[in-house]
Amino acid sequence: MKKTISAVTPLDDTQIRAEDQARVAALRESRGWRKRLMLLLTLIGPGILVMIADNDAGGVITYAQTGATYGIGFFIPALIIGGFIAYVVQEMTVRLGAVTHRGHAEMIWGRYGAFWGWFSLIDLVVANVLTLVTEFIGITIGMSVFGVPPIWSALGGLVLDAVILLVLRYRTWERVSLWIAAGNLIFVPLALMAHPHWGAVANAFAHWQVPGGFTAAFLFVVLANFGTTIAPWMLFFQQSSVVDKGLTVEDVRHGQIDTALGTLAMVLVALAIVILTGTVAFGRPGASNYDIQQIIQVIGQRVGPVGQSLFALGLVEAGTIATIALTASTSWAMGEAFNWPKSINLPFQKAWRFYIPGLLSAVLAAAVVLIPNTPLGFLNLTVQVIASIFMPAAMLFLLLLLNDPGIMGEHVNRKWQNISAFTIVGLLVVLNGIYGLSVVFPKWF
Amino acid sequence: MKTPQKNLQVLSVPEDSHTPVKLTKVVPKGWIQVAFWALRIYILVMVVLVAIGFSRGIH
């Protein structure tokens, strides 16, 4: 459904969103399993998108390198635990958004003041831009397998991102993004094509042990995997998406199902990538130092040219869906922070201040990737360091808000949710702190 | 093409389920105040360490 301006266009997006909410209300009042299924399909979206976008280009590369280095072992069960952690965190954003109808950035500004508002906004935008750089790296590397020069693949990603954001209203933007996200599942049949040793996969659960001992290199990989499983932008994206979609307290249950489905898909794909490279690359000389181009080459040798093409396409898709999500995340956060019109339902003429920051961030990231000799490794490092500082703060705000009866009413966190969430925050603080230190002072480890 | 406004009175969508919650700035007290101070200290320490690390040239 295309956005246009008509003579009776309302100035805000609430009435536009009311159409979607009316559709949901009609389905909720209907009976029959088909209507129930339609209701579910209508309400899912933010959770699946955020989780699939979390398997971004950087994530795919991290998982691929993890499998190449450590094979099928420790990380298989660890990724499942990571999925559970991601669900616990992201589910809270569903409730927060559905109950308050406000985005995460908006909540921080309004509840905790301008200092923390600016701190969160600057961290988020800088981290998003740097993460977008890694997405365009993934897109250009993936498309290079098909002989497409980087400038065309970067431009293509940029144009796709801009067109669907500017032309489509939220509901259609979300549906199109979900179809793109479905491409992330390509890694599952690809893992099967590698003919993994399923006994080794089963053994990973039966004998869960640290491969090669608790070394600094192992810690680094653990933290990289953990860092890619949950990131600050995810909190902001899903909550804003829930708000823009118009979900209410009646939709929380479906939002939880949506998040669970997304988590399942995310974990499945992450496992598939680790199993794939754990099967085809692990044990080869120098495998622990393979970069993504070498991994793609090995996949081509072991699985065949079709397998290589599928992996490259998966990498392009991962970069693309994350670009879409990160662009929207930046736009929403800026719009919420400065109280601009902030909905994907609005045409550009009415919400240009909302669209431009997100699109500019993507343009900047694409340009950086195309500059020769850009220190991309350094930029990637900076993202991880920023995240190590920012994530505990983002989690703390989330927990404070979810435990605030003044805004959440009866939907405050239950005891088990607080126990899980505070444990996760504690773990994040320790791991992020260690990770930041290990990056900055590698000799300490 | 954007659709014209439909008659939404046909369906019962509670008005107050869409209204954004009113936000007022909270004054941290008790454990929340402790948490915010712990966060400030954590951020300060991490920023200082990162600055030292970058000034020495990380790789």
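This is a predicted model: local features need pLDDT of at least 70, side-chain atom pairs count only at pLDDT 80 or more; totals for chains, interfaces and linings use all residues.
In chain A, helices H15(A) and H16(A) cross in the right-handed sense. H15 covers residues 292–303 and H16 covers residues 305–337 of chain A; their axes come within 6 Å and cross at roughly 145°. On the H15(A) side, the contact is formed by A:Ile296, A:Ile299, A:Gly300 and A:Val303. H16(A) contributes A:Pro305, A:Gly307, A:Gln308, A:Phe311 and A:Ala312. What classes of residue make up this contact of H15(A) with H16(A)? Six are nonpolar, three are polar and none is charged.

The loop that leads from helix H14 (252–280) to H15 of chain A holds A:Asn289. A:Asn289 counts as exposed because its C-beta neighbours inside 10 Å number 10, and the cut-off for exposed is 12 or fewer. Between A:Asn289 and A:Ile324 there are 35 residues along the chain, and their C-alpha atoms are separated by 30 Å.

The next topic is the nonpolar core. The largest nonpolar core has 132 residues, and the members that touch the most others are A:Ile273, A:Val274 and A:Ala325. Helix H18 (residues 376–402) of chain A supplies the largest share of this core, 16 residues. What does A:Ala325 touch, apart from its neighbours within four places in sequence? A:Ala325 is in contact with A:Leu49, A:Val50, A:Ala53 and A:Phe237.

Other buried positions can be followed in the same way. A:Leu428 belongs to helix H20 (residues 415–440) of chain A. A:Leu428 has 22 C-beta neighbours inside 10 Å and therefore counts as buried. Residues up to four places away in sequence aside, A:Leu428 touches A:Met391, A:Pro392 and A:Met395. A:Phe226 is 202 residues from A:Leu428 in sequence, yet the two C-alpha atoms are 8.8 Å apart in space.

A:Val222 is found in helix H12 (residues 216–229) of chain A. Why does A:Val222 count as buried? The reason is its 20 C-beta neighbours inside 10 Å, since 20 or more is the cut-off. A:Leu79 lies 143 residues away from A:Val222 along the chain, while their C-alpha atoms are separated by 9.9 Å.

A:Ala25, in helix H1 (residues 14–28) of chain A, is also a buried residue, because 21 other C-beta atoms lie within 10 Å. A:Gly67 is 42 residues from A:Ala25 in sequence, and the C-alpha to C-alpha distance between them is 46 Å.

Two histidines deserve a look at the backbone. Most residues other than glycine have a negative phi. A:His101 has a positive value, near 55°, and phi of A:His195 is likewise positive, near 50°. Both residues sit in loops: A:His101 between helix H5 (75–100) and helix H6 (104–112) of chain A, and A:His195 between helix H10 (187–193) and helix H11 (198–206) of chain A. Which of the two labels, buried or exposed, applies to A:His101? A:His101 is buried, because 22 other C-beta atoms lie within 10 Å. A:His195, by contrast, counts as exposed, because its C-beta neighbours inside 10 Å number 11.

The remaining topic is chain B. How many helices and strands does the secondary structure of chain B have? Chain B has one helix and zero strands. Of its 59 residues, 3% count as buried. An unreviewed UniProt entry lists residues 31–54 of chain B as "transmembrane region". In the model, residues 31–54 of chain B are 100% helix and 0% strand.

Terms used. Residues are numbered from 1 along each chain as its sequence is written. Chains are lettered from A and ligands numbered from 1 in the order in which they are written. A nonpolar core is a set of buried Ala, Val, Leu, Ile, Met, Phe, Trp, Tyr and Cys residues joined through C-beta atoms within 7 Å. Helices (H or I, at least four residues) and strands (E, at least two) are DSSP runs, numbered from the N terminus. Two residues are in contact if their C-beta atoms, placed from the backbone, lie within 7 Å. Axes are lines fitted to C-alpha atoms, for helices over the stretch in contact, and angles run from 0 to 180 degrees between N-to-C directions. A crossing is left-handed if the near helix is turned anticlockwise from the far one by less than a right angle, and right-handed if clockwise. Ala, Val, Leu, Ile, Met, Phe, Trp, Tyr, Cys and Pro count as nonpolar, Asp, Glu, Lys and Arg as charged, and the others, Gly among them, as polar. UniProt positions are given in the numbering used here, feature names are shortened, and annotations may be inferred rather than shown by experiment.
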